[in-house]
Amino acid sequence: MTRKASIGKIILYVFLIVVAIAEILPLLVAFSNSLRTNADIKKSAIGFPGIPQFSNYITAWHVGRYGKAFLNSAIISVTASLCVLALSLVGGYFLARVKSRFTHFVRGYFSVALSIPTFAFMVPVYFTFAELKLVNTYRGMIILFIATNLGFNLILASTFIRGIPSGLDEAAIIDGCSTYQIIGKVILPLSKPIITTILLIVFVSTWNEFTLSNTFLQQTTLKTAATRYVLFCGERGSDLSLIYAAGIITMLPIVVLFLLLQNYFIEGMTAGSIKE
Amino acid sequence: MAKSRRDDLKRIAFFSLLPIFLFHFVLIVSPSFGTIYNSFTDWSGLISKNFIGLDNYKELLGDSQFSDSIKNNLKWMAMFVTIPVILSLIIGYMLSSVKKGRIILRVCYFLPYVISAAIAGKIFAAFFNPFLGINAWFESVGLHCLVKDWLAPEHALVSVASVDMWHWWGFLLVLFMSALQQIDISLYESAEVEGANSIQKLWYITIPSIQPTLMFILLISMVWSVSTFDYVWVMTKGSSGSSLLSTMMYKNAFFKYRAGYACAISVFQSCISFLIFGVFGRIQKKLED
């Protein structure tokens, strides 16, 4: 019986490991190719580098002007995450603590608005932004990303804040705190887990976003890292070593962040997907 | 005292939430109504437009690209409600029965989900290159049956969907695993006493217990299949037999100066999405009764 059980366990592990290797194999091949010469890759798309060509990375970085692309991504993603965080905490506080007809309405509004697909509003927003000269600006992109990320994170924050005992608010009122002081001094320090989650969700989703970034930032020098890479592949179609090296460069920040914070990532990116 | 403070709080709440609500309404909801209105016009994207009634919708009915796109979206949906769901459920069930190495395995399965569609899509497009991609490798190891033009019309849709599923199923796995952790272990123990095997346990205990999560996953799989865009656009731009409603809409809005027609496609997509939400809501209610 125990032998049978342990053989079963071994088969289980072998299967799980094979699936795991198959899953990350494309990324390993891409990494390996990023260190090979162009001619070598063209002979066979799968292979180990003879002499690792680290120069591929330097060339790809310069040719693709990825320094600027990363700067664009960072400015947009950091600003959008901080704004969404601030609005979600303040809005979430009032949704959690105040029972009035208006808060009831806002809560209902956002839970319905969550299901509006991107394509439902994208075309009119694009042409309005074009008229207002907001296309090809950081401002326009950031405003749009705040709007698309707001609903979900607002609901998430309000659910979290509802779990903080309101007795703490009462105590702060007796100490003479105003409502916004309560949010800053009582709620904020107790909301660290939800702050990490919100920052991570918005940062990663805006950093990786394709559809809106590709539409609202068309100027090469303003493109985010991910959309810059798409353009780069078109420009450098036959430089395969550069395409693979640039691919690794653009995915690296998020992959490293994920490997460092994998628990926060998995909890954050699946937060709210499961009904309580 | 207490009452005036409560009224104060309501007032502050109103003035704090109002700008948040208006900001969202102006950027998301009001343009969505704009999409509905524009679908009845011949708008090119510039300022002038004429009301043309149902002409865009009538044109859609006769547009063979529209019907091809619907067929492709249905194929896409059929793949996404089966393959990644079954794969992630089985792997999730297996993974939750082991302790050692669970975290590192989960990292491997989830990793593709954190990579942008723009990057993963282009890397796979390089693999699928008919001359410079994996074909030469297949040739060299004798797998001649796999030497194909993977992004040619007869394969493109399935190839692109495969890449999207490769990235997507790890996310479903994590959803399934958190649902699996909440199942009462004593249910399994009593089943073992009665001599149930693991497949019977999966069917009679696991699946009924995680039914809300399963329903949620089927719902998002269906809804997102209606408006899926990024992988297809990155890999084929919706050409060569992989045209979808979203790529057709995108081309009309931003390349063909037919924003009004594009809006009609968006309205169609949104109606289908809300229909799916509605049907799932009904089913959920029936299951709860």
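## Chain A: order of elements

Reading chain A from the N terminus, the elements run α-α-α-α-α-α-α-α-α-α-α-α-α-α. That comes to 14 helices and zero strands. Please keep in mind throughout that this is a predicted model.

Chain A is divided into domain 1, covering residues 2-57, and domain 2, covering 64-235. Between the C-alpha centres of domain 1 of chain A and domain 2 of chain A there are 37 Å.

## Chain A: dimensions and packing

How does the radius of gyration of chain A compare with that of a compact globule of 276 residues? The globule would come out near 19 Å, whereas chain A has 24 Å. Along the principal axes, the C-alpha atoms of chain A fill a box of roughly 75 × 70 × 35 Å.

If you look at contacts in chain A between residues at least 6 apart in sequence, 76% of them join residues at least 24 apart.

## A closer look at helix α5 of chain A

Helix α5 of chain A takes in residues 101-113 and is a handy one to check by hand.

Which residues of α5(A) are buried? They are T103(A), V106(A) and F110(A). Seen down the axis of α5(A), these buried residues fall within an arc of 60°, and therefore they line one face of the helix. On the face of α5(A) turned away from the buried side, you will find the exposed residues R101(A), H104(A), F105(A), G108(A) and V112(A).

Chain B has 14 helices and zero strands. From its N terminus, the elements of chain B run α-α-α-α-α-α-α-α-α-α-α-α-α-α.

For chain B the radius of gyration is 24 Å, while a compact globule of 289 residues would have one near 19 Å. The box filled by the C-alpha atoms of chain B, again taken along the principal axes, is roughly 80 × 70 × 35 Å. Of the 289 residues in chain B, 40% count as buried. Among contacts in chain B with a separation of 6 or more, 70% come from residues 24 or more positions apart.

## Two backbone spots in chain B

K237(B) is not a glycine, yet it has a positive phi of about 55°. Its place is in the loop between α12 (230-236) and α13 (245-254) of chain B. K237(B) counts as partly exposed because it has 14 C-beta neighbours inside 10 Å.

Y257(B), also not a glycine, has a positive phi of about 55°. This residue lies in the loop between α13 and α14 (259-288) of chain B. With 14 other C-beta atoms within 10 Å, Y257(B) is partly exposed.

## Where the chains meet

How many residues of chain B are in contact with chain A? There are 71, and they touch 66 residues of chain A. Helix α1 of chain B, residues 2-38, gives the most to the side of chain B that touches chain A, with 19 residues. Sorted by class, that side of chain B holds 50 nonpolar, 18 polar and three charged residues.

Key
Residues are numbered from 1 along each chain as its sequence is written. Chains are lettered from A and ligands numbered from 1 in the order in which they are written. This is a predicted model: local features need pLDDT of at least 70, side-chain atom pairs count only at pLDDT 80 or more; totals for chains, interfaces and linings use all residues. Domain bounds come from an automatic or database domain assignment. Two residues are in contact if their C-beta atoms, placed from the backbone, lie within 7 Å. Helices (H or I, at least four residues) and strands (E, at least two) are DSSP runs, numbered from the N terminus. Ala, Val, Leu, Ile, Met, Phe, Trp, Tyr, Cys and Pro count as nonpolar, Asp, Glu, Lys and Arg as charged, and the others, Gly among them, as polar. The radius of gyration is taken over C-alpha atoms; the globule rule is 2.2 Å times the number of residues to the power 0.38. A residue is buried if 20 or more other C-beta atoms lie within 10 Å of its own, exposed if 12 or fewer, and partly exposed in between; C-beta atoms are placed from the backbone. The expected span of a helix is 1.5 Å times one less than its number of residues. The arc is that of the directions from the helix axis to the C-beta atoms.
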